[in-house]
Amino acid sequence: MASYDYVIVGAGSAGCVVASRLTEDPAVSVVLIEAGGSDTAEEIQLPIAWTDLFKGPYDWDLDSEPEPGLNGRRIYLPRGKVLGGCSSTNAMIYVRGNRADYTAWAAGVAPGWGYDDVLPYFRRSEDNERGADKYHGAGGLLAVSNTRSAHPLATAFVTAGVEAGHAQNDDFNAETQEGVGFYQLTQRDGMRCSASMAFLAPAAERPNLTVLVNTRVLRVVFDGNRAAGVEISDAGGVRTIVADQEVIVSAGSYETPKLLMLSGIGPADELSPLGIETRVDLPVGRNLQDHLLVLVNYLTDADTLISAGSAENVALLENEGRGALTSNAAEAGGFFRSHDGLPAPDVQLHMAPVMSVNESLTVPTANAFALGPCTLSPTSRGSVTLRSADPAYPPRIQHNYLATDDDRTAIVEGLRITLDIAAQPSLNSLTTEPYEVPESDSTSDLLAFARRVGLTLYHPTSSCAIGSVVDAELRVLGVDGLRVVDASVMPTIVRGNTNAPTIMIAERAADLIRVTA
C-alpha cells in the first residue's frame, strides 16, 4: 500500500491550494486525489466558454430534489469534475464577502476566523494587477485582474445603477462592498486562472507531490479512532492509500458530506437504515446554504456576446488578450440592502450582456441581456443526504430555497432594485422589449416569477460547518487525523461569490496543518 504524510481528497479550489502549500516543505509527502481528469482543454481556459462546460465531461451534473419553494422544480447543480474543480468551470468572479460575515463567524462558533484574521490570507494568495495595498496583495499565485471585455452593455448597466441612485464602486473587496461596478476576475492576460493553474501547476514537478486523476475515493478508512487513509477506485481496481499524518477532505459541499457519511460520520438515524455503522453521530450534510439567483432578460438591438466568436474578437484575444472572448459573461453587478436597518447588504446583482434563460442551459437565440438578484444572506437551510451505501450513487440534495419570509422578501426587493436599474435611461435606451420578466412589480408577481425561473448561483456551502461537524481548526469532531477544508466548513455563507473565500480557507488551513504536524 502506498503511503503519504497527507492524503487530500479532491483537487478543487481548496485541495489545490493545500497540496501546493504543504509541499513547499520538501520533507512532507502529499497525494492529491481527483475524480475528474486534466484541465488542459481549450474550453476550460477560454473564459467565455464556461457555460459550455455544463453537463459535459467536466461536470458532476447533479440535480436537487424537487424544491417546494420553486414550484417543485429540480434545480440543475453543476460542479467541476476536473483538476481545479469549480475554479476550472466557474464565472471567475473574485469577491471575498463582507467584513460582517467573518465578524459573525469569529463572534460565534469560529474564533480565529474574523476579518482581520483572514485578510492576510486573501492578500497572500493574490497577484492583483492593481498592485498591493491595505486590502490587496501582489506577487501571490492567484492572478486577479480587471475585466478585459468591459462590454458596452455592462458599462450601461453600471451607469444605470448610478442613475438609480446607487454609488459606483470600483472595488467590492475594499472598505465598502455596496454599490455597482465591474467585478474583478481570476484571470491572467484575459484567460482563466483556476486554482489548478495558479497553485497546482507550479508545484507539479515537486517530487513530494503525487496527483492521481480519474480516481474515486470510496471511503475514509480508520485505525481505531484515527483516520488512517482512504479506499480508492481507479483503472487498476480498488486499493487503499495510507495517510501517516492526516486525511484532508476537500471534495466540496455536496461530495464532502457524502464521503463522510459513507465513512460512518454523520446522523446515525440516516446511516443506520443504509447499513452503515455510525462511527460519530454528527449533523453532516445539514445546514446547507446557497445563493438563489433570479434573472430577467431584455431584448436589445445592441451587439451582445452571441457574436463573441467574430474574427475581430479572435484577433483581440490572440494579439492583445482582451475582447468579448475574455468575458466571463457576468461582467458587472453590485451589492444592496433590501431595506433599512440591515448590518450589511442582503442582495447581490449580476449583469451579463447575453441572454440567460432555462438555468443557462439554452443556447442564446437573440441579442439580449440578463440581470438579476440573488439572496445574499439566506436564512433557508437545506441538506445533503445519502441515497445509498453504494458510493456510485450521487447524494440527495435539498436546498429549500425561499423557505423563509426573510428570503422571500430579499428576492422580491432585489427584483424591484433590478427592474428600477433596467428602467433607467442608459439601459432602457438599449432595450427593445422585455423577453423574460415578471408580470408586474407586485409582490405576488415578483415572487411567482422567482419561483418559476430561480436557479442556483453555484455557491453551496456549510454542509460540514465549523461548530457542528468540524472545530475551528477544521478537524472533524470525535475522530483523529481527519480534517475538512473546503466551502462546506463555512458556518454561514458569505455575502458574495464563494471561490475566493474557499481559497482563503485553504490558505489558512495549510498553516493550521503545519502548526499541528
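**View 1. Arginine charges over aromatic rings in a predicted model.** Arg508 lies over the face of Trp113, at 4.4 Å from the ring centre. In another such arrangement, the charged end of Arg279 sits 4.1 Å from the centre of the ring of Phe222, over that ring. A charge sits over a ring if NZ of Lys or CZ of Arg is within 6 Å of the ring centre and within 35 degrees of the ring normal. The model is predicted: local features need pLDDT of at least 70, side-chain atom pairs count only at pLDDT 80 or more, and totals for chains, interfaces and linings use all residues. Residues are numbered from 1 along each chain as its sequence is written, and side-chain values use heavy atoms, with hydrogens and water left out.

**View 2. The ring pair of Trp50 and Tyr458.** Nine aromatic pairs are counted, where rings of Phe, Tyr and Trp (its six-membered ring) pair if their centres lie within 6.5 Å; planes under 30 degrees apart count as stacked, over 60 as edge-to-face and the rest as tilted. The pair of Trp50 and Tyr458 is edge-to-face, because the ring centres are 6.1 Å apart and the planes stand at 80°. Trp50 lies in the loop between helix 2 (42-45) and strand 3 (62-63), and Tyr458 in the loop between strand 25 (455-456) and strand 26 (482-484), so the pair ties together parts that are 408 residues apart in sequence. Helices (H or I, at least four residues) and strands (E, at least two) are DSSP runs, numbered from the N terminus. Trp50 is buried at a relative accessible area of 9%, and Tyr458 is buried at 18%; buried means under 20% relative accessible area, exposed over 50%, partly exposed in between (1.4 Å probe, protein chains only).

**View 3. The ring pair of Phe54 and Tyr76.** With centres 5.4 Å apart and planes at 75°, the rings of Phe54 and Tyr76 form an edge-to-face pair. Phe54 belongs to the loop between helix 2 and strand 3 and Tyr76 to strand 4 (residues 76-77), so the pair ties together parts that are 22 residues apart in sequence. Phe54 and Tyr76 are both buried. Ring pairs link Trp50, Phe54, Tyr76 and Tyr458 into a cluster.

**View 4. The buried residues of helix 4.** In helix 4 (residues 115-125), the buried residues are Tyr115, Val118, Leu119, Tyr121, Phe122 and Ser125. Their cover includes helix 3 (99-107), strand 5 (126-128), strand 6 (142-144), helix 6 (195-203) and helix 13, by contact of heavy atoms within 4.5 Å.
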